[in-house]
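User: I'm new to this and would like a close look at one part of this structure: the charged side chains and how they pair up. Could you walk me through it?

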Protein chains: 2
Amino acid sequence: MTEKLTLNMNAYLPLRDVVFNTLREAILKGELKPGERLMELQLAARLGVSRTPIREAIRMLELEGLAVTVPRKGAQVAKMTEKDMEDVLQIRQTLDELAVKLACDKITEQQLRLLKGAVRDFEESTRSRDVKKVAQADVAFHDAIYRAADNPKLMNLLNNLREQMYRYRVEYLKDETAYPTLIAEHREIYEGLVRRDKETVAAAMVKHVMNQEIVVKNMIREQE
Amino acid sequence: MTEKLTLNMNAYLPLRDVVFNTLREAILKGELKPGERLMELQLAARLGVSRTPIREAIRMLELEGLAVTVPRKGAQVAKMTEKDMEDVLQIRQTLDELAVKLACDKITEQQLRLLKGAVRDFEESTRSRDVKKVAQADVAFHDAIYRAADNPKLMNLLNNLREQMYRYRVEYLKDETAYPTLIAEHREIYEGLVRRDKETVAAAMVKHVMNQEIVVKNMIREQE
DNA sequence: CTCCTGTATTTTGTATACATTGTATGACGT
DNA sequence: ACGTCATACAATGTATACAAAATACAGGAG
């Protein structure tokens, strides 16, 4: 915990947002571990700002599910049990299915081309052996679908759900033997969207998320 | 807008939570109208607290989707277009279906008895001609199902989605001609759960939410 | 009359000071 | 030795002061 969090001041944003992003990143990357206390004074000193933006950032983390606060005792990084993970994945599966069904109806030709690009980018990224890149490409693929679904609230929710399991997802993507499956599933989803075949894409997406679920759950179990 | 918001200080809660609840109520009840600015100094003066808890409450409202803030310009009550409403209802429908399916597998005998009570309470409340009571009874019915689904994250999400359309829901429940349909649907869902017949309950729930959707959308159109 | 500009005012952003509560430590009595 | 209470310290809760930005408006130039 002694590593120094540093603010990315480039953006011209209120400090609360900069702090929020910084803390979120730190939590998702595992630099701030589940259960670790988030003490205002300490964070303020570390990040070189006052307590006010820290407090507001914590309120935001709280509602994102990344932190929990007990009144008069302060905040700590949210813990995630296997049950929590299952619960999140269940919701994600359902909403991902909805998203891809909606996309089936609404996706435009241009968005299909972008999606095709995302599929290709993902394939290429897996050859780079750079997990960070793979994760980014995967996010891009799913984002393209979310955007096509044309439901901003749904997109928000799904991004949030994804975020909540980011820590485990990165571990998951380190398993290179899973890449061929992932690539095949992406292709299947893409092609289903081209044919606008709802049943196919829905089934493919459910399978896709389910595969993640199995691997992520194994991973959690191994961690203990 | 000149009505005086007053804090319910009874509870032993941080002021930010009291303020948050107060503002949320005010927004949901329509006392604070969509688009209305939420000025910190003004709210602080009105509620008799300082700006700090107001600011933190606004950050919380923001992530609940009840307020939107533009940096350096401040916050305002979130507006909801018909499209927004459709988007929310689409998500709600999907998640309500998931919840009731999960409940089908997991509901206990005791929870079934509670649900039966909720069905009966709802029927009785419709005879009282007290919209507030009817709304409460409806919430209780759905909450019983959410609890049975045994997925706290899902329950949170659904409560939040419900909240986002509370304003319109209350209007919706003023239409007494809809009561018999609602009662019948509740019964259908309850009986499906007793028989643990997933297909039936899922279909019934989808129909139930869809009916709401139609009425609420008509309502919005009329408002213009 | 319109548009620009500069200033005054309002409002948010940030920092800090003070108050209150939670927690740990240690003395004291049993 | 154990428990209880008092006190000290640390962290959060709240209020206020100051800074910076956005807005409104008035006055002047074209």
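Analyst: Here is a tour of some charged side chains. This is a predicted model, where local features need pLDDT of at least 70 and side-chain atom pairs count only at pLDDT 80 or more, while totals for chains, interfaces and linings use all residues. Residues are numbered from 1 along each chain as its sequence is written, chains are lettered from A in the order in which they are written, and side-chain values use heavy atoms, with hydrogens and water left out.

Side chains of opposite charge can pair when their charged atoms come close.

Let's start with Glu64(A), which sits in helix 3 (residues 51-64) of chain A; helices are DSSP runs (H or I, at least four residues), numbered from the N terminus. Glu64(A) is buried but has no salt bridge, and the nearest side chain of opposite charge, Arg24(A), is 4.1 Å away. Buried means under 20% relative accessible area, exposed over 50%, and partly exposed in between (1.4 Å probe, protein chains only).

In helix 3 of chain A, Arg59(A) and Glu62(A) are 3 residues apart, so about one helical turn separates them. Their side chains meet in a salt bridge (3.0 Å, N to O).

Over in chain B, Glu40(B) and Arg55(B) form a salt bridge at 2.8 Å, N to O. Both Glu40(B) and Arg55(B) are buried.

Definitions and conventions:
Helix = DSSP H or I, 4+ residues; strand = E, 2+ residues; numbered from the N terminus. Lys, Arg positive; Asp, Glu negative; His and termini not counted. Salt bridge = Lys/Arg side-chain N within 4 Å of Asp/Glu carboxyl O.
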